[in-house]
Amino acid sequence: MIKNFEYSIEPSRKKFYNWKELWQYRELFYFFTWRDVKVKYKQTVLGVVWVVLQPLLSVLIFTLFFGHALKVPSAGLPYPVFVFSGLLFWTVFSASINAAGNSMISNAPIIKKIYFPRIIIPISSILVSSIDFLISFIAFLLLLLYFQVSIDFVAIVFFWPGAVILMLISTLGMSCWLAALNVKYRDFRFVIPFGLQIGLFITPVIYPISIFQNVWVSRVIAINPLYGAIMLFRAPFGLDINSVELTISTLSGLFFLIWGLYYFRKTEAYFADIA
């Protein structure tokens, strides 16, 4: 006697994420990431050269206007090195949030047709920006050699991985949160680019935090989770680390991670209906 079986494909009923399920769909991380990389540089003459060209042009502009014209201090580092070290992280952060914030809308046709863990989409956007980060990082190393910057190689082993982890934590949290918000409130597609423009100037990318004499102003700026990542990354170049501000920035990054993942998980069941 042949028995009939009925299979139902549906999302996990767990309140948080089913990490085993994410592992089962791991190939989608590759396909979404590679698709976005190809689309990003499709029909461009320079291709991936733009990954290096964009931050280098930004470094040049900031150096001319802020470094030379306005004499903004750079904590003892050559100003181009100081700015590039911040732009490395800011570029990944801003590009990831901008792409992830609109990712659920742009992938609405796929979301409506099949089931897969929706968090794969914003994470793939971050992976695309991370590839750009690796390419720009090589250019940054060449810049260090050109200016012959003194580096503490022992500190690199401890601080650079921590900087990257803190950047990814804060980027993932905010990307998931804004991706979910943008599905429900389409106003955020206008808010996100505007917020990123403001964010560049409240992140110590083009200036050191030491220019603020009021300690409370520094503490408020330290709420920016990207501040801690940039601080750790610059530490091997001889820049001091303020433990209080680093703690504030780290806790802020963890808060955004937990809240972003929670809010995304809470609302993802409705994405197919309103995307």
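Contact here means heavy atoms within 4.5 Å. The model is predicted: local features need pLDDT of at least 70, side-chain atom pairs count only at pLDDT 80 or more, and totals for chains, interfaces and linings use all residues. Residues are numbered from 1 along each chain as its sequence is written, and side-chain values use heavy atoms, with hydrogens and water left out. The protein has 13 helices and 0 strands, where helices (H or I, at least four residues) and strands (E, at least two) are DSSP runs numbered from the N terminus.

**Overall composition**

- Of the 275 residues in the protein, 48% are buried; buried means under 20% relative accessible area, exposed over 50%, and partly exposed in between, with a 1.4 Å probe and protein chains only.
- Among contacts between residues at least 6 apart in sequence, 80% join residues at least 24 apart.

**Helix pair α4 and α7**

- The axes of α4 (79-101) and α7 (120-147) come within 8 Å and cross at roughly 170°. Axes are lines fitted to C-alpha atoms, for helices over the stretch in contact, and angles run from 0 to 180 degrees between N-to-C directions.
- α4 and α7 are therefore roughly antiparallel to each other; angles under 35 degrees count as roughly parallel, over 145 as roughly antiparallel, 65 to 115 as roughly perpendicular and the rest as oblique.
- On the α4 side the contact includes F84, L88, F89 and V92, and on the α7 side it includes F133, F137, F140 and F147.
- By class, this contact of α4 with α7 has 18 nonpolar, 5 polar and no charged residues. Ala, Val, Leu, Ile, Met, Phe, Trp, Tyr, Cys and Pro count as nonpolar, Asp, Glu, Lys and Arg as charged, and the others, Gly among them, as polar.

**Largest pocket**

- The largest pocket has a volume of about 570 Å³. On a 1 Å grid over the protein atoms alone, a pocket is an open set of points with protein on both sides within 12 Å along at least five of seven lines, whereas a cavity is a set of points where a 1.4 Å probe fits but cannot get out; lining residues have an atom within 4 Å of a point.
- Grid points are joined across faces, edges and corners, and a volume is the space filled by probe spheres set on the points.
- The lining of the largest pocket consists of 27 residues, and K40, A95, A99, S129 and D132 lie nearest the centre.
- Helices that each supply at least two lining residues are α2 (26-40), α3 (49-69), α4, α5 (103-106) and α7. α4 gives the most, with 7 residues.
- The pocket lining divides into 13 nonpolar, 10 polar and 4 charged residues.

**Largest cavity**

- The count comes to 1 cavity of 30 Å³ or more, and the largest cavity has a volume of about 40 Å³.
- P55, L87, L88, T91, V92, S129, D132, F133 and S136 line the largest cavity. α4 and α7 each supply at least two residues of this lining.
- By class, the cavity lining has 5 nonpolar, 3 polar and 1 charged residues.

**Helix pair α8 and α9**

- The axes of α8 (153-184) and α9 (residues 188-201) come within 9 Å and cross at roughly 145°.
- L178, L181 and N182 in α8 meet F188, R189 and I192 in α9. This contact has 4 nonpolar, 1 polar and 1 charged residues.

**Residues with positive phi**

- A75, which is not a glycine, has a positive phi of about 55°. A75 lies in the loop between α3 and α4 and, at 40% relative accessibility, counts as partly exposed.
- Q148 also has a positive phi, near 55°, in a residue other than glycine. Q148 lies in the loop between α7 and α8 and counts as exposed at 71% relative accessibility.

- P117 lies in the loop between α6 (108-113) and α7 and counts as buried at 5% relative accessibility. Leaving aside neighbours within four places in sequence, P117 is in contact with E21, L22 and Y25.
- P117 and R265 are 148 residues apart in sequence and 9.8 Å apart in space, C-alpha to C-alpha.
- L200 is in helix α9 and counts as buried at 13% relative accessibility. Leaving aside neighbours within four places in sequence, L200 is in contact with F62, W90 and V205.
- The C-alpha atoms of L200 and G86 are separated by 9.8 Å, with the two residues 114 apart along the chain.
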